[in-house]
Amino acid sequence: MPTVAFHTLGCKVNFYDTEAIWRRFQDAGYQQVDFETEADVYVINTCTVTNTGDKKSRQMIRRAVRTNPNAVVAVTGCYAQMAPDAIAAIAGVDLVVGNDRKTKIVDLVADVQREQNPMESMPLSNKPVGDTLTAQKSVGNILKTREFEEMDVPYFEDRTRANLKIQDGCNNFCTFCIIPYARGLIRSRTPEKVVAQAQKLAKAGYREIILTGIHTGGYGADLNGYRLSHLLQDLEQIDELYRIRISSIEASEIDDMLIDVLGRSTKVCRHLHIPLQAGHNQVLRKMNRHYTVEDYAAKIRKLREALPELAVTSDVIVGFPGETDAYFDDTEQLIKDLGFSQLHVFPYSPRKGTPAAKFTDQVSNAVKEARTERLIALSETLVVDYATTWLGRSVEVIPEEPYHLPDAPERRGEGPMGRPGFWLMGHTDTYLKVAFRVPEGVEPEKIMGEVCKVRLTDVSGSFQYGEFESQITVAEDLQLDGNTPAAGESFAGTPSFQADAG
Ligand code: SF4
C-alpha cells in the first residue's frame, strides 16, 4: 500500500485542508504514516502569516526531502501560493500546488510519478537521489478565484471537537496582513454543503462543531443575501448537534439579525471571538480596520443586552506603527472597560509585502515587549474575573483530553496539585477550560467527547476545576453509518487511558 505523510503549519483552516487532502489520498488507496518516517509521498501544507511561517515551512520541506529523497514532495498552502518559484527551487521538491487546487494534489502527484517513473507502477521506487528534475507548479492568480473549493471532511483523525470550514478568503486587506493575497477573496461554501457536512459530523458523534474560515464572519458576502445568521438558523435544526461555535467574527459583521439569532439560539455557544486589534481610532484607521472604537464598544453592549453571560475573547496587536504611549494606554483602558474573558496578545511584526511593513513610524522591540507583558498580565486577570462569575455553578463541559499539569506531560490524567484520580479537561460553551476528576464507576472513554455537567469549584488562572455531576449525552444515542468512528472513541491518535483511574 503506498504511504503518505503530512505536516501542517499555521491556522485551523490549514489543518482542515490537510484533513480534506488526506481523505482524497485515502480514497486513492494510501495509508497515512508519521511525518518522521519514510513515506512515498510527503505533503507540506505551509503558512506565510509571518516571516517565521515561511522559514518553518522551508525547514519542514527540507526535512521531508532528507527523510526520503526518493519520495514525491508536494508543497501547498499559503507560502506555496505566495512564493511558488522559491519553493520549486528547493532541491527535492516535486510539486507546488496553490491554495485553490488542494483537492487536485492526488492527481498531480500521480502525474509526477508517471512522468518520473514511466515504467513503474506506484509507489515511486527509483527516483534519482537528490532529484534533478524540475518541480511542477500548479499555482494560479488566487485573487481571481470565485468558487469555494469543496472538500468533504466527515470526521477527523484525532479531535473531539470538529472544525467545519464554511468559507475561504478575505476582502478586508488589513494593512498588516498578507492573508488576502495568499487566500484570495471571500468564497463561501454553499449552505446545502455546510448543512450536509454538519449533519455528517453530528452523526459521527461530534457534539460541538466549530465554524471555521479565513474570515468566518464574512460568510455569505458572495451569496446574494444569505449570511452567517441564516446559516446558524439552518444549522440549529440539526437534532444531533449540541453546540455550534463561531471561531471568529468581526465587530463590523455583527448586526441586529445576528444578535437576535444568537439571543434565541439554544445551540450557538455563548462565546464570540471578536478581534479588537487596537483601542484607538487613529491606529484602527492605519490598520484599515472597518470599525471605530465607539462602534466596537456599542456592538459589545448590544450583544450583552441580548446575552448577559456572553464570553467575549479578542486579539490585540501591540506596537503597531504609530502606536504612542497614550494610544496604548487608551487600548489598555478600553480592554478593561469591555470586560473580555481572555485576550490573545500579538506584538506587531512587520510582514514583508504588506503596506504596514513600509510605515516609517515603527515601534521599537523593547517598547513592544513591555506593552505585550502588560496586556498578558491584564488577560490573566480577565480570565480569573470571568471564571469567578461561574464559581459554584453547574456548567456543561465536553471533555477533550486527559488533563495534565502544564509542566508534567508525562503525568497525563493526574489531578492538579497532586490530587489523586484520573482527570479530564474540556471547554464550556463560554470557552472556560475546565478540568474535573472522573468519578469511581465512570469510564473516561465513555464520557470523552460527550456533554457532562460539572460544578465549578476552583478558579485558577487559565484552568478552572470542577466536580463531575452527571453525563448529559451518551454515545449510544448515535446512529453511525457503518465505517465512521464515533468521536472520541476509536480514531488514531485518541488519547490513551493508561493512567490509573479511581
Ligand atoms: S480580516 Fe484582516 S487580519 Fe483577518 S484575514 Fe482579513 S486581512 Fe487578515
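What percentage of the 502 residues of the chain count as buried? The answer is 44%, where a residue is buried if 20 or more other C-beta atoms, placed from the backbone, lie within 10 Å of its own, exposed if 12 or fewer do, and partly exposed in between. This is a predicted model, in which local features need pLDDT of at least 70 and side-chain atom pairs count only at pLDDT 80 or more, while totals for chains, interfaces and linings use all residues. Residues are numbered from 1 along each chain as its sequence is written.

**Overall composition**

- The chain contains 14 helices and 19 strands; these are DSSP runs numbered from the N terminus, with helices being H or I of at least four residues and strands E of at least two.
- Among contacts between residues at least 6 apart in sequence, 74% join residues at least 24 apart; two residues are in contact if their C-beta atoms, placed from the backbone, lie within 7 Å.

**The six-stranded sheet**

- Strands of a sheet pair through backbone hydrogen bonds, either parallel or antiparallel.
- An open sheet of six strands has the order β2-β1-β3-β4-β5-β6, with parallel pairing; two strands pair if DSSP finds at least two bridges between them.
- Its edge strands, each pairing on one side only, are β2 (31–32) and β6 (136–138).
- Strands β1 (residues 3–8) and β3 (residues 41–46) run parallel and are joined by five bridges, and threonine 8 stands opposite asparagine 45 in β3.
- Helix α2 (residues 51–67) lies across β1, β3 and β4 (72–77), at about 175 degrees to β3; angles run from 0 to 180 degrees between N-to-C directions, and axes are lines fitted to C-alpha atoms, for helices over the stretch in contact.
- Helix α5 (residues 105–116) lies across β3, β4, β5 (95–97) and β6, and runs at about 150 degrees to β4.

**The three-stranded sheet**

- Three strands form another open sheet in the order β12-β13-β14, again with parallel pairing.
- The edge strands here are β12 (271–273) and β14 (342–347).
- Strand β13 (residues 311–318) pairs with β14 over six bridges in the parallel sense, and isoleucine 317 has phenylalanine 346 in β14 as its bridge partner.

**Strands β17, β18 and β19**

- Strand β19 (residues 463–471) pairs in the parallel sense with β17 (residues 433–437) over four bridges, whereas β18 (residues 452–460) runs antiparallel to β19 and is joined to it by eight bridges.
- Tyrosine 465 of β19 is the bridge partner of alanine 435 and also stands opposite aspartate 458.
- Two residues lie between the strands in the hairpin of β18 and β19, where glycine 461 takes a positive phi near 65 degrees.

**Packing of helices α12 and α13**

- Helix α12 (residues 325–338) and helix α13 (residues 365–388) pack at an angle of about 10 degrees, with their axes 11 Å apart.
- The two helices α12 and α13 are therefore roughly parallel to each other, a term for angles under 35 degrees.
- Phe328, Glu332 and Ile335 of α12 make the contact with Arg371, Arg374, Leu375 and Leu378 of α13.

**Lysine 12**

- Lysine 12, in helix α1 (residues 12–27), counts as partly exposed because 17 C-beta neighbours lie inside 10 Å.
- Leaving aside neighbours within four places in sequence, lysine 12 is in contact with Asn163, Thr212 and Ser247.
- The C-alpha atoms of lysine 12 and glycine 213 are separated by 8.1 Å, although these residues are 201 apart along the chain.

Key: Angles under 35 degrees count as roughly parallel, over 145 as roughly antiparallel, 65 to 115 as roughly perpendicular and the rest as oblique.
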